[in-house]
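Colleague: I'm new to this one. Could you walk me through how to read a few of its features?

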2 protein chains.
Amino acid sequence: MKSSLYWIGCFIGALSCQQPDRSASVPQAEYAIAIHGGAGTIVKENMTPDLENAYREALDNALTIGEDVLKNGGTAMDAVEQTIIYLEDSPLFNAGKGAVLTYDGLAELDASFMDGATQNAGAVGGMQIIRNPILAARAVMEQSPHVFLTGKGAEQFAIEQGLDTVPNTYFITERRLEAWKQTHPDNPPPKTGILKTTRPVTDYYGTVGCVALDRAGNLAAGTSTGGMNDKRYNRIGDSPVIGAGTYADNATCAVSCTGHGEYFIRYAVAYDLSARMAYLKEDVATAANYIINQRLVEKGATGGLIAVDHNGQIALPFNTPGMYRGYARPGERYVGIYKEE
Amino acid sequence: MKSSLYWIGCFIGALSCQQPDRSASVPQAEYAIAIHGGAGTIVKENMTPDLENAYREALDNALTIGEDVLKNGGTAMDAVEQTIIYLEDSPLFNAGKGAVLTYDGLAELDASFMDGATQNAGAVGGMQIIRNPILAARAVMEQSPHVFLTGKGAEQFAIEQGLDTVPNTYFITERRLEAWKQTHPDNPPPKTGILKTTRPVTDYYGTVGCVALDRAGNLAAGTSTGGMNDKRYNRIGDSPVIGAGTYADNATCAVSCTGHGEYFIRYAVAYDLSARMAYLKEDVATAANYIINQRLVEKGATGGLIAVDHNGQIALPFNTPGMYRGYARPGERYVGIYKEE
């Protein structure tokens with residue numbers, strides 16, 4: 001039995017120790033959805049008006065797709081899936097069509113999916129021929145006893161599940177191929193040699209992600225990516241790692257990360273957000289802001305995340321110059337690219 | 001500036017709210033090491049005296065190897081590495097030589113490694129020809145900018161790092177081959193078809209792991225496995241997933257898990273132990289016991305973990321009938337297999 005000192009301590013703690021619980025101070029949203037299309041050195045000087053408009057339009061379209069699902073009583077999982085399919089099919093983002101190329105000039109795709117109600121999860125890494133990796137991640141979750149499949153095995157499973165295959169060239173856009181050719185003048189590249197990155201890794205962490213809360217109060221999260229530019233050795237980043245790039249728990253939040261994946265794995269960023277909310281009783285904005293703008297900054301790690309809690313509160317922090325992002329709630333719509341907007 | 005109410009609250013909290021900090025109530029150990037060789041339905045009825053002795057001797061030898069490193073002022077990382085190499089080379093455990101076989105009759109190995117001082121980490125998944133996967137995981141950590149490499153790429157990287165290769169048959173013991181043949185009467189197995197497991201997945205979660213604290217106060221953790229019996233589709237379990245099967249942070253603990261890997265990924269078990277210690281101020285035994293014997297039991301997940309904190313306190317909880325395990329500290333040595341010993 002808890003002593004009276006315990007309760008006195010908790011009462012005083014509630015008065016003074018805690019961050020204000022912002023999520024409790026606003027009404028519960030009926031539904032909510034947030035998306036990202038990657039973080040990095042995304043600055044206005046490097047952007048043409050046409051390209052900027054194309055990004056804004058794509059983010060807006062993606063939100064509409066997800067919001068329509070939620071508005072009509074669909075599940076958070078379906079909203080996440082449909083939204084990410086659109087972002088994967090768009091050549092603008094580093095996921096599905098438009099993925100960056102590996103050292104060997106191929107698109108190699110990772111994705112993950114998590115259901116906040118059951119905490120079931122699925123992930124795929126290093127796939128080259130499945131058109132929509134997010135569908136493969138969801139199929140792993142729903143149709144297999146496993147969480148994480150990779151490479152040819154993941155592709156075989158996806159094919160047996162009836163998912164569409166494409167040649168690897170389907171994913172490769174002119175823009176990515178040109179970028180690859182510039183950094184690989186000795187085409188074909190040597191097959192051995194030490195790891196090297198020919199452009200700063202802080203350049204652009206392309207990833208797409210979506211988190212959603214549906215009218216039934218369930219959360220879901222998904223993330224999809226082509227990974228790091230010029231990656232080698234079947235490198236896997238944080239996107240398909242449950243707890244690093246993606247997490248969902250109805251008791252706390254749904255979260256999808258984007259950034260320098262190695263750091264997001266080492267600091268278990270996605271699960272850490274959930275843990276801070278559960279154990280420190282921080283609200284989603286406070287916890288997400290602390291992780292991205294304090295903890296990761298101290299470690300020299302760049303990136304951002306999107307998160308939604310069980311009340312529909314949304315956080316979109318990033319510590320890079322820009323992050324393609326947006327959210328929608330009943331009567332609200334926001335799309336942003338640069339830091340100040 | 002913090003208000004006086006804050007400090008009064010904290011003072012009262014320290015008197016009454018917290019779990020007792022057992023790690024602070026015992027003297028700091030100069031060094032400490034703990035190991036596991038997997039958890040599962042390990043019961044005396046299924047064991048011959050000779051086999052039991054062989055397991056006890058192997059666990060004892062492994063502890064001696066690691067303890068010698070620490071006693072002589074070596075690093076926790078070297079102790080973890082040397083101990084796991086011994087366990088990988090032993091045919092008794094499901095890691096390296098003696099790994100269980102995949103659906104296709106191959107050994108497919110995963111491993112991970114983490115340094116508590118820097119929180120650098122390395123992991124490899126689905127390797128078939130590198131003799132000691134733990135060396136590959138450490139090489140990824142120390143010699144690449146990445147954390148997680150898989151399949152042929154991971155093998156290529158390990159080869160470039162000068163690690164020993166072996167034919168896949170090196171890993172396959174008579175015992176594992178006989179087990180595989182019994183469940184695969186139609187040899188060779190069909191290449192397609194739905195996932196099936198031909199023995200209960202609760203049977204035996206073979207994994208080996210080691211955690212250590214060195215005289216300099218640094219923690220390290222490593223895990224290595226052949227994964228789940230009869231696994232398909234390049235399935236990856238929790239062992240190579242940083243935050244799920246392995247974690248190390250000098251501020252909290254070093255931990256290596258063994259069990260039904262899919263659950264350990266979904267609940268980010270290794271990082272959760274660290275998070276509970278950091279955020280709830282639980283000691284390592286309280287936090288580890290809660291996760292394994294309450295949280296995971298409620299979720300229907302079986303397995304165990306080994307952990308050591310920065311004071312040399314050790315926890316070895318498991319919720320299965322047995323777990324191959326042991327630990328050593330100055331003047332102390334323990335080896336156990338079954339629940340009650």
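Colleague: Let's start with charges and rings. Over which ring does the charged end of B:Lys339 sit?

Modeller: Keep in mind that this is a predicted model. The charged end of B:Lys339 sits over the ring of B:Phe318, 4.5 Å from the ring's centre. There's another case in chain B: the charged end of B:Lys97 lies over the ring of B:Tyr170, 4.3 Å from its centre.

Colleague: And rings with rings? How many aromatic pairs does the structure hold?

Modeller: Over all chains, 16. To sort a pair, look at the angle between the planes: over 60 degrees counts as edge-to-face. Take A:Phe157 and B:Tyr233: their planes are at 70°, with the ring centres 5.3 Å apart, so this pair is edge-to-face.

Colleague: Where do those two residues sit?

Modeller: They belong to two chains, so to speak, and the pair crosses between them. A:Phe157 is in helix H5 (residues 151–160) of chain A, while B:Tyr233 is in the loop between strands E7 (219–225) and E8 (235–236) of chain B. Both A:Phe157 and B:Tyr233 are buried.

Another edge-to-face pair is B:Tyr247 with B:Tyr271, at 5.0 Å centre to centre and 80° between the planes. This pair links distant parts of the chain, 24 residues apart: B:Tyr247 is in strand E9 (residues 246–248) and B:Tyr271 in helix H9 (residues 269–279) of chain B. B:Tyr247 and B:Tyr271 are buried as well.

Colleague: Now helices. At what angle do helix H8 of chain A and H9(B) pack?

Modeller: For packing, check the angle, the axis distance and the residues that touch. Helix H8 (residues 269–279) of chain A packs with H9(B) at about 40°, their axes 10 Å apart. The crossing is right-handed. On the H8(A) side, A:Tyr271, A:Asp272, A:Ala275, A:Arg276 and A:Tyr279 make the contact, and they meet B:Tyr271, B:Asp272, B:Ala275, B:Arg276 and B:Tyr279 in H9(B). By class, that contact has 6 nonpolar, 4 charged and no polar residues.

Colleague: One last thing: why is helix H5 (residues 133–143) of chain B largely enclosed by the rest of the structure?

Modeller: Count the buried residues. In H5(B), 8 of the 11 are buried, so the helix is largely enclosed. Among them are B:Ile134, B:Val140, B:Met141 and even B:Arg138. The buried residues of H5(B) pack against several elements of chain B, including helix H4 (76–89), strand E2 (109–115) and helix H6 (151–160).

Note on methods
Residues numbered from 1 in each chain as written. Chains lettered and ligands numbered in written order. Predicted model: local features only at pLDDT ≥ 70, side-chain atom pairs only at ≥ 80, totals over all residues. Heavy atoms only, no water. Phe/Tyr/Trp six-rings, centres within 6.5 Å; stacked < 30°, edge-to-face > 60°. Helix = DSSP H or I, 4+ residues; strand = E, 2+ residues; numbered from the N terminus. Buried < 20%, exposed > 50% of the residue type's maximum accessible area, 1.4 Å probe, protein only. Lys NZ or Arg CZ within 6 Å of the ring centre and 35° of its normal. Axes fitted to C-alpha atoms, helices over the stretch in contact; angles between N-to-C directions. Left-handed = near helix turned anticlockwise from the far one by under 90°. Contact = heavy atoms within 4.5 Å. Nonpolar A, V, L, I, M, F, W, Y, C, P; charged D, E, K, R; others polar.
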